[in-house]
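Subject: Structure handover

Hello,

Here is the structure you are taking over. Please open it next to this message and follow along; my notes come after it.

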Amino acid sequence: MGFNGVIVVGLHLLFLISMVLANTSKIPTTLEGPFKPVTVPLDNSFRGHAIDLLDTDPRVQRTVTGFEPEQISVSLSSTHDSVWISWITGEFQIGNNIKPFNPEAVASVVHYGRLKSGLTHQATGHSLIYSQLYPFEGLQNYTSGIIHHVRLTGLQPNKVYYYQCGDPSIPAMSDVFYFKTMPVSGPMNYPKRIAIVGDLGLTYNTTSTVSHLTSNQPDLVLLVGDVTYANLYLTNGTGSDCYSCSFSQTPIHETYQPRWDYWGRFMQPLLSKVPIMVVEGNHEIEEQTGNLTFAAYSSRFAFPSEESQSSSTFYYSFNVGGIHFIMLGGYIAYNKSADQYKWLERDLANVDRKVTPWLVATWHPPWYSSYKAHYREAECMKVAMEELLYKYGVDLVFNGHVHAYERSNRVYNYTLDPCGPVYITVGDGGNREKMAIPHADEPGNCPDPSTTPDSYMGGFCAYNFTSGPAAGKFCWDRQPDFSAYRETSFGHGILEVKNETHALWTWHRNQDMYNIAGDQIYIVRQPDRCPVERKQMEEFQ
Ligand SMILES: [Fe+2]
């Protein structure tokens, strides 16, 4: 080996050593916080302009015939022993003279079992259709295929189940799929990985996000609102990145409901196997005639509402091993007198932290975000609910809505607090609207307070800060102390709860390899330092 060869080998060795050191570098924990705020400069290597998949894309085509099932998905019930299987039969109709299907015409049956060759159990469920009606000159109406939801019960924890869904009498049954149940609830039992994503849409960036997310092998997917962005389209299928900019004259905010079917078809390979839990975003409002809203959202997904004593598809709860998840609605009433608030009080009071030490809440519009987009838009919801969540010691909050990534320090009432939740915004799933890039604390970017409320959320609550470094102002003049890390990029997150005190959170950017961490931290609970109002405390007294 010559002198040059020695240098090359030496450089390779140095590279390998640096890689090993990088991989073993210590992952920070929230115990070391609060952290000094970090803003990662914009990395222009991401594909900024997200373009929707065309309706000719093979991945959104209907590949079944007659009443064979399509758009098959799995969702969780409130405990490990039960799941929902959902699917659609019959093609949607769009036009002026559409006749809705009779949902009873096709049965809702699931055959399932522990062995692929022995689907010996059978469950039956219910079916429904929904229509999206626009009685205006020139607009088209939509009516869905038949949507089926079947709840399987009596399942064992941590086990693979095979299933086939459909109507055996036609016969029109699906292929055989499989899913894995969640672990039984308990302080040492957790699924390995939970993927968390928001504002997904159905663009070429969405496909990248879903591909990366799938490669990270999640046991469960949490979608924190804004699903298909069908409301960026007119009923004739013409779309825009900004509905109000392009279609300001329409008599009602139109939608193109086939985008929901495209999304269901695109997602089936993942969701027929990995359960998904969804909470509504503003893009699911989708108003139609008769002031009806949320028809697609409420009809297409199965929710453990009844199982969690909620009477609504907009808020519900469920257990995943030692985690109690609470899904909240930002676009329905949330004040103290509202049904949602009363349900939340009851649900929180019933959480036994000896069984589910982790309490994780999600809803769509973030309370703690320092981006200009949607800045302090959800302030009234924050005013109404923050104290209750704090009182019961919510550990973690996930939001979407803002098309970027941000992780907070532990915070309560805009003040750093070691017992407050960590707030994480992951509205970076890849939809066709623009990314959020400007920050409200940059010169000239602080919005006028009167422009910040969202009419669907109601009220005005975002007044100037009364204390802290931004006292007397509406925006900070630097990255706020509550904001630990912010970066604008498409991506998704993975939550790995390890035990009753430690959970590893990793944010993955689409422009990196799927397993590379963009942001990573151990979220650490301190139950001794942060006692919470909980059932067992009352029982001791
Ligand atoms: Fe949103």
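Strand S11 and strand S13 (residues 177-180) run antiparallel and are joined by four bridges. Within that pair, Val160 stands opposite Lys180 of S13. The model is a predicted one, so read everything below as a description of a prediction.

Strand S5 (residues 109-113) is joined to S11 by five bridges, and the two run antiparallel. Val109 has Gly166 in S11 as its bridge partner. Strand S12 (residues 172-173) also pairs with S11 in the antiparallel sense, over two bridges. Here Gly166 turns up again, with Met173 in S12 as its bridge partner. S11 and S12 make a hairpin, and four residues lie between them. The loop between these two strands contains Pro171. The peptide bond from Ile170 to Pro171 is cis, with omega near -10°.

Is S11 (residues 160-167) mostly covered or mostly open? S11 is mostly covered, since six of its eight residues are buried.

There is another cis peptide bond to look at, from Gly33 to Pro34, with omega near 0°. Pro34 is in the loop between helix H1 (3-24) and S1.

- Domain 1 covers 25-54 + 189-198 + 206-215 + 314-530.
- Domain 2 covers 60-181 + 226-278 + 280-288.

The C-alpha centres of domain 1 and domain 2 are 28 Å apart. In the contact, 21 residues come from domain 1 and 17 residues from domain 2. On the side of domain 1 that touches domain 2, helix H2 (204-215) and strand S17 (316-320) each supply at least two residues. The largest share of that side, four residues, comes from S17. Sorted by class, this side of domain 1 has eight nonpolar, nine polar and four charged residues.

Now helix H6 (residues 339-349). Its buried residues are Gln340, Trp343, Leu344 and Leu348. They span an arc of only 130° around the axis, and therefore sit on the same side of H6. Lys342, Arg346 and Ala349 are exposed on the other side of H6. Helix H7 (379-391) is included in what covers the buried residues of H6.

- Gln71 has phi near 55°, a positive value in a residue other than glycine. Gln71 is in strand S2 (residues 70-76). Gln71 counts as buried because it has 25 C-beta neighbours inside 10 Å, and the cut-off for buried is 20 or more.
- Phe294 has a positive phi of about 60°, although it is not a glycine. Phe294 is in the loop between strand S16 (276-278) and helix H5 (295-300). Phe294 counts as partly exposed because it has 18 C-beta neighbours inside 10 Å.

Last, the record. UniProt, in an unreviewed entry, lists residues 69-181 as "domain: Purple acid phosphatase N-terminal". In the model, this span of residues 69-181 is 0% helix and 49% strand, and its end C-alpha atoms lie 22 Å apart. The unreviewed entry in UniProt also lists residues 193-405 as "domain: Calcineurin-like phosphoesterase". Residues 193-405 are 28% helix and 15% strand, with end C-alpha atoms 19 Å apart.

That is everything in my notes.

Regards

Notes
Residues are numbered from 1 along each chain as its sequence is written. This is a predicted model: local features need pLDDT of at least 70, side-chain atom pairs count only at pLDDT 80 or more; totals for chains, interfaces and linings use all residues. Domain bounds come from an automatic or database domain assignment. Two residues are in contact if their C-beta atoms, placed from the backbone, lie within 7 Å. Ala, Val, Leu, Ile, Met, Phe, Trp, Tyr, Cys and Pro count as nonpolar, Asp, Glu, Lys and Arg as charged, and the others, Gly among them, as polar. A residue is buried if 20 or more other C-beta atoms lie within 10 Å of its own, exposed if 12 or fewer, and partly exposed in between; C-beta atoms are placed from the backbone. The arc is that of the directions from the helix axis to the C-beta atoms. UniProt positions are given in the numbering used here, feature names are shortened, and annotations may be inferred rather than shown by experiment. Two strands pair if DSSP finds at least two bridges between them.
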